[in-house]
Amino acid sequence: MNRYVCIHGHFYQPPRENAWLEDVELQDSAYPYHDWNERITAEGYAPNTASRILDSESKIIDIVNNYSKISFNFGPTLFSWMEKEMPEVYEAIIEADRESQKNFSGHGSAIAQVYNHMIMPLANSRDKRTQIHWGIKDFERRFGRKPEGMWLSETAVDLESLDILAEYGIKFTILAPRQASRVCKIGEEGWHDVSGDKVDPKMPYLCKLPSGKTIALFFYDGPISQELGFGDLLNNGEEFAGRLMQGFVENEHDDQLVHIATDGETYGHHKPHGEMALAYCLYHIESNDLANITIYSEYLENVAPTHEVEIFENSSWSCVHGVERWRSDCGCNSGRSDWHQAWRAPLREALDWLREELIPLYEKEMASLVKDPWQARDNYIEVIFDRAPENVERFLNEHAARDLTPGEKIKTLRLLELQRHAMLMYTSCGWFFDEISGIETTQVMQYAARAMQLAEEVGRSSLEMTFIEKLAKAPSNIPEHENGADVYEKFIKPARIDLLRVGAHYAVSSLFEEYPESIKIYCYTTDSETYDKMTAGRLKLAVGKAQVRSDITWNETEVTFAVLHLGGHILNGGVREFMGDEALDTLHHEIKEAFLKSDVPEVIRIMDDHFGMHNYSLWYLFKDEQRKVFDQILESTLEEAEVHFRGIYENDYAVMQAMREMHIPIPRALRTPLEFVLNTDLRNLLQNDEPNLEQLQNLVQEFKKWHVVPDKTTLNFVASKRVNELLKTLSQSPYELERIEFIRDMIRLLKQLGLELDFWEAQNIYFLMGTDHFDKMKTRAGADDKEAVEWVEQFQKLGDHLQVRII
């Protein structure tokens, strides 16, 4: 068979880590998940590791790892987050690449990606090289092999970037059809114009580079990819397969490759259950022998390019104007066609100015510290992988020009971090969307702010004022924000963190939870040296000294603090650098004496005298801790509200029942407590390890009786989690009939509420249990083993509720 199909998924999310904390903070818009990385993983990345193939009755008959069947790349910054926060999903993706090597003649389905999604044609030569070097090293560390291909951010391409790819041994990359300019058959002289998407995507092409090297280019099928990303192709896997088959030319004897490329988030996140359509598409093609499923590296080994191609430089897949989307008001937008993007050019100009200011600073300051500043930056990826002190010391010893003092090591790490953030600030998403105050754009501004802060810490005079002046030329679409300077002042400056701010977080949060002597706060370590906590009724006071250390740059300081909580959200805190034991002893004695007398004004006066302008409140807590503290503060208030609502519900239940029987509408003042109590009771019940089924039955009847709409956002999440946990428990005792019946009855009751339950994890567990135990129990049942007969019957009934069929 000469027909081949390859599907490529570009799996990527912009870096969401706070530039100072190196972690993703709480994002309320992702509720009920902690943040958007977590939500998109649950909706897309995880389901693709165990995608369902359904029969004609929509029952699951097989579960497959899509990543082992397709070509894919994961953004290194996203994959780094996943390794830490979602290790099971991460490992399943790594395992898929291993499995794919069995499917594709020793070639792995994963390819690399330039490190932080920088638009390569707009980068300077040095950044291009580091982006490729870091992307390859990241890939090798994770997949344990060298990458054969590499994804260019937004497929944005120029010859210099291709030359560096080839220099690093990359064999191919994937481009959009409109990026091909002209082609000719190898060995012949006649060139043919293929501009305007006229290139034949069914073959690989050879691109000759200025250095004399070559690289293979694959131009994906544009129409099918477009239909997949923006049409309805993923509504049906068989139709998806059929559309791919339409890409072949009938009666063609030469090898043909129909291949598509889209954002990987299409399969599940953008298109719910899209991963199932993908799985069925591949299953349908293979089971009906319609084509060979392949990946680019395998195809390239078997089918050498017969044609040469020249590209349009400075072109991309997501901007018809080339790469203007990332530097000008070209009109490309993500949905707000009524908004301009006049802010894009000034933002690019401001960051380019900053980059050029930082380069001579880096070269000058690093010259006396390391043998080769730019080689050190390239190899700094080894530290980003592993910030353990012994690994950092190894790196410093390898690159240092001489023995470095502790202060010089800190300076070296600061300069390397400065360069890391100077690249992160060019992450493409900063320009992709429609408004300068959007979270993707403020994210790249955060990286710029961190780079400027690090420059100041190594002795450079402040760059921030000039940077802000340049941002003032970037107009916002939202009148209240005015321009980029206003956005920077509102969203970036308040987010800036130093060691004192970390000390303030530690001091304030210590009033609300017990800390050990040493505690990690994101990428900082705080060691308590002196701590005294006092209470007087609702009042709390903490006084102490702590050492705060950055685990990234190793700089540290000792801080003195005093924090007074007056109840509720009213808090007054002071933090400053340690001024000596005598000053601390005096503060401690005076403030404790005043506090024990309940002389609050005197406590505050002492704090003002000692700390001056270094005052802090709950506002200075980092976001996750803010939420945790406010939950504590509001706990008693919410309990009182629940008691009040429950009192109305219970006292007026008979009245509401009479009104219901007489078809009289229940007033909102009574209906609100009714809805609150039922939803609260159901949520609380589902949070028990083993919910009482009788209570669940009664609650379901009450929901139906009063026509109460469940709080689906919360209850879908809580109920799904409980079912998943119960299946995990069952998997440890798979022959426990009572538990099987319990789970089945619970699911049956929950379905009556119209909840949209996510059984993905539960189905995976059930399917594995069936694989391990069903045949054995079915054999026993066939031999008239009554217990086995009952088990098979009940297990199949549970499968019916989970929509899984064990064959």
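Which ring does Arg660 lie over, and at what distance from the ring centre? I looked this up first. Arg660 lies over the face of Trp706, 6.0 Å from the ring centre. For a charge to sit over a ring, I required NZ of Lys or CZ of Arg within 6 Å of the ring centre and within 35 degrees of the ring normal.

Notes on the source. The model is predicted, so I took local features at pLDDT of at least 70 and side-chain atom pairs at pLDDT 80 or more, while totals for chains, interfaces and linings use all residues. Residues are numbered from 1 along each chain as its sequence is written, and side-chain values use heavy atoms, with hydrogens and water left out.

Entry on Phe432. I found Arg325 over the face of Phe432, at 3.6 Å from the ring centre. Phe432 also pairs with Phe433: the centres are 5.1 Å apart and the planes stand at 70 degrees, so I logged the pair as edge-to-face. My pairing rule was Phe, Tyr or Trp rings (for Trp the six-membered one) with centres within 6.5 Å; planes under 30 degrees apart are stacked, over 60 edge-to-face, the rest tilted. Phe432 has 19% relative accessibility and therefore counts as buried, whereas Phe433, at 30%, counts as partly exposed. The cut-offs are under 20% relative accessible area for buried, over 50% for exposed and in between for partly exposed (1.4 Å probe, protein chains only).

Entry on ring pairs. I searched the whole structure and got 40 aromatic pairs. Helices (H or I, at least four residues) and strands (E, at least two) are DSSP runs, numbered from the N terminus. Both Tyr4 and Tyr299 are buried. I also noted a cluster linked by ring pairs, with Phe11, Tyr45, Tyr67 and Phe139 among its members.

I noted a nonpolar patch of about 270 Å², made by Phe630, Leu634 and Leu638. Such a patch takes residues with over 30% relative accessible area and no salt bridge, joining nonpolar side chains (Val, Leu, Ile, Met, Phe, Trp, Tyr) within 5 Å and like charges within 9 Å. A salt bridge is a side-chain nitrogen of Lys or Arg within 4 Å of a carboxyl oxygen of Asp or Glu. Areas are by the Shrake-Rupley method with a 1.4 Å probe, and for residues only the protein chains shown count as cover. Leu638 sits in helix H22 (residues 623-651) and is exposed at 54% relative accessibility.
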